[in-house]
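Reader: Please give me a close look at one packing contact in this model. Where does it sit in the fold, and what is it made of?

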Amino acid sequence: MNNDQEFFKIPHLFITRIYYRLVVENKPDFSRFPEAGVRGAMGYYLFDEIKKNRRPEKTQGLINLYKALLGTLPGTSIPPEGPMPRSINIRFFDIPDNCDHMGLEITFLETAKNYNPCCKKARKSLAKKA
């Protein structure tokens, strides 16, 4: 392979995107900071679940999801290289002609798709509590 072929080689990027339709009781208030609200609620849920479960095989997926959503887990040291870039993106959007529905798009980049089972469990638990 010569240098020109190596220069134009494009790396693979694995993206998993999931869409949800949410029913929102107070859409104007929720719409102010929807991503922060969902990240925060999931962060509290994950933190509580991590503290409840002491077995590493149960908590590692939760810890990885917490790091992907919010960064370093409280009480742990920050790695020397600094914070990791987010591998999960959350985006809300309006659904036309629906006053109490919003769309939620969750995008997992690269290997973050492995966090989807933990993420799904957290969303279901939060939906029941809400």
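Author: Of the 130 residues of the protein chain, 32% count as buried (under 20% relative accessible area, 1.4 Å probe, protein chains only). The model is predicted: local features need pLDDT of at least 70, side-chain atom pairs count only at pLDDT 80 or more, and totals for chains, interfaces and linings use all residues. Numbering starts from 1 along each chain as its sequence is written, and side-chain values use heavy atoms, leaving out hydrogens and water.

The chain has five helices and three strands, as DSSP runs (H or I, at least four residues; E, at least two) numbered from the N terminus. Their order is α-β-α-α-α-β-β-α.

Now the pair. Helix 3 (residues 34-52) packs on helix 4 (residues 56-70) at about 155 degrees, axes 10 Å apart. Axes are lines fitted to C-alpha atoms over the stretch in contact, and angles run from 0 to 180 degrees between N-to-C directions. The two helices are therefore roughly antiparallel (over 145 degrees).

Contact means heavy atoms within 4.5 Å. Helix 3 brings R39, M42, G43, L46, F47, E49 and I50. Helix 4 answers with T59, L62, I63, L65, Y66, A68, L69 and L70. By class, that is eleven nonpolar, two polar and two charged residues; Asp, Glu, Lys and Arg count as charged, and Gly is among the polar.

The largest nonpolar core has 25 residues. Such a core joins buried nonpolar residues through side-chain atoms within 4.5 Å. L46, L65 and L69 are among the members touching the most others. Helix 4 gives the most, with six residues.

How values were computed. Angles under 35 degrees count as roughly parallel, over 145 as roughly antiparallel, 65 to 115 as roughly perpendicular and the rest as oblique. Buried means under 20% relative accessible area, exposed over 50%, partly exposed in between (1.4 Å probe, protein chains only).
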